[in-house]
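Please look over the sequence and the structure shown here before reading on. The report that follows goes through a few of the features that can be worked out from the atoms.

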Amino acid sequence: MTRLKRKIWCLMMAVVVGSAMACATDSIAVDYNAGITINTGGSEFAPYHIASNRRGTITQQHSVLLSASIKHDMDTTLRLSWGAGAEVWGGWSSSVDYLRYDLESKTMVTNPQHPARLWIQQLWVEGKWRSLFLTVGQKDINPEFVNRDLSSGDLVMSGNARAPFGARAGFVNFQNIPFTRGWVQIRGEYGFYRLADTHWLENHYNHYNSFITTHYWFNYKNIFFCTNPTKPLVLTIGAQAACQFAGTATYYDKGEMWHEVKMKANFKAFWRTLFAGSGGENQGDKIYVQGNHVGSWDIAIDYRLPNGGKLRGYYQSLWEDGSGIGKLNGFDGLWGLEYRSGNHGLVTGAVVEFIDLMNQSGSIHFAYKDLIDDNHPKGSEIGHAVTGSDDYYNNYCYNGYQSRGMSIGTPMARSPLYNTEGYMRFADNRLRGFHIGLMGDLGSQVSYRALLSWRKSFGTPFIPRLEPLTCTSMMIEGTYSPRWLDGLQFKAQLAHDHGSLYGGNNTGALLSITYNGNFTFNR
């Protein structure tokens, strides 16, 4: 999105928010937040657990950032309600040298890049009628299936990257399904977005080989069913699906642009985001599936303990296309156990996870319909199909499943941001690892959080590494919320990466001071 378009967007949003406030008849409760965050480290990027699952706000080795937000939440107890909010970040961050091909000198040159000095993190307005909601703008899509504080990250929508611009609609929380007497509930949403990362991609791409895809659309949807949540045992089952589609793919070979594919954003393209299917106008989409589809099958069992705590077991099965949807990708997915105490104490929450992305439906892709031509007509002896080669988060004509370099799915797959050679896809999506998260209280004013992750990456199914890369990442966090000023919070993090996946050892620290407040005014 250009600066002019963003200014127009901000102006439109301000008009909408102002109109909504002017039409309000009751008192309006407003929450606000302001803070400063400082981080430093021993490598060109922040350590893994300082940068990950933070909505793409902190990525560099050094930064001093200010943030401010204001919001009015919808009242979900009312039949008709509205909400709006904005969040802005700005400050200084250090640069990282990427490689870029210079056509005049015919050599690779250093290309220093840093995040914007000022950016809009969120800006939205939304409304609710009965059990339905509509949100327009840029608002975080937070993971609901996994614990956002302790998990390694949702496989499809983790909160690791900055939120996209767009509109989405769906159910407000879980809703009873008629005629089930409260035994089955449903929740879901559907939305279209623009990631607005074209300039980021053009600035970080090496312009030498491979390709970049710009000005594309993004679709995200989910649907979940759960049994009666008031019972001790609750089953939740559902699915998530996302898709990059339309846009322009530009291909380079030794610094020369040799091919360009423009994919239309017409009605058919939007329709095919609902059900993944072939039939696009460019050759690749005719053979395979139009757009870059990523999704998961999700299942969880919750057991409520007598003391008010909860045990939860869950599994996410990641898929890329028909083979993954049909669960032909073996043991692949995220397997987790979670404990929540329900009370204050030394341990208030714990998560143990195992992630396996090694199978990817095998390394061979063959489908009978791909070969129907004069040499292989219908009715020939070739009548079977072997589908596979999913290459999670990558696609033949779209950049990796990322926004401004950060993985939209699990950050355990190393994000394209770390590819300083200017390659805009995932280079390490075939991996296996585990993750542990722990949090609790050390008193009435002090809490802690600890994260530990390990993984071994074997490259990708198409470009395997000769030697696997490993990384052990750990982080300890302490939070102090003093009694003498309600809303004030001091937070400190110490993190360390050890291994070859991120280029060596890296120790870093983060300090932040935030203040949360609220006020109410009447018309």
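## Salt bridges

A salt bridge is counted where a side-chain nitrogen of Lys or Arg lies within 4 Å of a carboxyl oxygen of Asp or Glu. In this predicted model, the side chains of Arg 414 and Asp 428 meet in such a bridge, at 3.7 Å from N to O. Both residues lie in the loop between β21 (406–407) and β22 (431–441), so the pair ties together parts that are 14 residues apart in sequence. Arg 414 is buried, and Asp 428 is buried as well.

The structure holds 13 salt bridges, and one of them joins the side chains of Arg 55 and Asp 140 at 2.6 Å, N to O. Arg 55 lies in the loop between α2 (48–51) and β2 (63–72), while Asp 140 lies in the loop between β7 (132–138) and β8 (165–171), so this pair ties together parts that are 85 residues apart in sequence. Arg 55, Glu 87 and Asp 140 are linked in a network of salt bridges.

## Nonpolar cores

The largest nonpolar core has 70 residues, and Phe 218, Tyr 220, Leu 318, Tyr 393 and Tyr 401 are those with the most contacts inside it. Apart from this core lies another, of five residues, among them Ile 28 and Trp 82.

## An open sheet

Three strands form an open sheet in the order β11-β14-β15, with antiparallel pairing. At its edges stand β11 (211–214) and β15 (256–263), each with a single partner strand, so one side of each is left without a neighbour in the sheet. Four bridges join β11 to β14 (residues 247–253), and Ile 212 stands opposite Thr 250 in β14.

Technical notes: Residues numbered from 1 in each chain as written. Predicted model: local features only at pLDDT ≥ 70, side-chain atom pairs only at ≥ 80, totals over all residues. Heavy atoms only, no water. Core = buried A, V, L, I, M, F, W, Y, C linked by side-chain atoms within 4.5 Å. Buried < 20%, exposed > 50% of the residue type's maximum accessible area, 1.4 Å probe, protein only. Pairing = 2+ DSSP bridges. Helix = DSSP H or I, 4+ residues; strand = E, 2+ residues; numbered from the N terminus.
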